Amino acid sequence: MFQFNQNYNSQLFQLNEKKWLKTFNQSKIELTDFKGLFNNWLIRLMNIYVNRIKWKNLPLEIEPWFIEKAILMNGVCCFFQDDITNDYAVTFCNLHGELNIYGIPQDWTAYSANGFQRNLNKNNAVLIYNNNDFIPDYNTLFIYAERLAYISVILMKNISLQKNSIAIATTKDTLLSAKNIVNKIDEGVDYIFVKDIYNISDSLKPINLQVEFKADKLRNEIEKEFNDFLNWCGIESFTSDKKERLVAGEASGNNGYVEIQRNISLNAREYACNKINAMFDLEVNAVFNSEIATLVNMGKDYVTEIIQKGEQINE
């Protein structure tokens with residue numbers, strides 16, 4: 001059985017403790033670092049974006065997450081069957097060559113990070129678009145992450161400025177005593193013995209910065225911005241500052257926007273699925289990754305059923 005034999009009063013532990021405290025203090029400072037918060041938000045938003053679409057009946061050799069990651073970054077990727085391994089694959093692709101009547105290049109080059117390349121065309125591969133404009137959504141995620149990080153920095157700074165610092169008036173003779181008192185306060189010592197309480201009380205003066213507490217309002221702004229991102233992704237989410245109960249119409253007022261944003265992504269993927277299934281005799285399908293019983297998820301049949309039940313009750 002493992003036993004703790006470490007001497008925690010040793011000099012080695014004290015040095016490690018000081019190193020840990022230094023790292024901890026640096027991490028607290030970095031809470032207001034814009035770059036760190038931006039990267040954190042961007043990763044969170046990318047994970048939500050990539051996981052909002054569920055690909056069904058894909059060949060086992062294809063990673064579903066890669067499809068969404070590829071079209072997030074590039075706006076388009078290609079599905080094909082490798083003529084050497086006979087495996088199906090999805091990779092990044094470059095479009096080139098002559099345009100068809102819809103303005104789509106007819107020659108494509110599939111490539112991957114390991115140096116793989118294949119020349120493809122409409123006869124042996126299918127393009128999977130992110131939307132009808134072939135435009136990647138990474139720039140939009142970048143903007144949302146930038147906004148959320150900016151508000152988060154202001155939030156953390158506003159909270160940090162709520163503390164009242166203490167100004168200690170000392171002389172050269174009492175400087176060491178003042179530092180010892182501050183250290184004992186930081187260490188949480190219950191009783192601090194001083195020689196002259198009156199001189200100490202006159203020396204310790206709080207500084208009130210009178211910074212207005214806005215953290216609650218800033219957090220509301222973060223929630224609004226985040227919910228706007230979710231709605232843009234086609235995910236139902238609603239927030240309101242109203243303290244009273246919301247009526248159903250207010251809570252579902254953005255469902256039309258959510259539905260059209262969802263369809264922008266799904267229509268392009270469903271079109272690609274139909275072409276993949278026809279070319280390779282598969283049953284690939286892309287659906288929205290949500291199982292919550294909502295109006296947008298259940299569709300018009302669900303709404304019709306609710307209305308019919310209501311009419312039956314009224315009769």
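**Notebook: the sheet around E6**

I began at Phe 80 and found its bridge partner in E6 to be Ala 125. The model is predicted, so I note that local features need pLDDT of at least 70, side-chain atom pairs count only at pLDDT 80 or more, and totals for chains, interfaces and linings use all residues. Residues are numbered from 1 along each chain as its sequence is written, and side-chain values use heavy atoms, with hydrogens and water left out.

**Sheet**

I looked up the strand order next. Five strands make an open sheet, E5-E4-E3-E2-E6, with antiparallel pairing. The edges are E5 (117-121) and E6 (125-129), each pairing on one side only. From one strand to the next, the twist averages 40°. My terms: strands (E, at least two residues) and helices (H or I, at least four) are DSSP runs, numbered from the N terminus. Two strands pair if DSSP finds at least two bridges between them. Axes are lines fitted to C-alpha atoms, for helices over the stretch in contact, and angles run from 0 to 180 degrees between N-to-C directions.

**Strand E6**

I followed E2 (residues 76-81) along E6 and found five bridges, in the antiparallel sense. Val 76 has Tyr 129 as its bridge partner in E6. I then checked burial (buried is under 20% relative accessible area, exposed over 50%, partly exposed in between; 1.4 Å probe, protein chains only). Five of the five residues of E6 are buried, so the strand is largely enclosed by the rest of the structure. Ala 125, Leu 127 and Tyr 129 point one way, while Val 126 and Ile 128 point the other.

**Hairpin**

I turned to E4 (residues 105-111), which pairs with E5 in the antiparallel sense over five bridges. Tyr 111 stands opposite Gln 117 in E5. Five residues separate the two strands of this hairpin, and Gly 115 in the turn has a positive phi of about 95°.

**Helix H9**

I looked for what covers the sheet. H9 (residues 255-280) lies across E2, E3 (88-99) and E6, running at about 170° to E6. Arg 262 lies in this helix. What is its relative accessible area? I read 7%, so Arg 262 is buried. Contact means heavy atoms within 4.5 Å. Not counting residues up to four places away in sequence, Arg 262 touches Gly 234, Glu 236, Phe 288, Val 296 and Asn 297.

**Helix H4**

Last, I looked up Ile 154, in H4 (residues 138-160). At 35% relative accessibility, Ile 154 counts as partly exposed.
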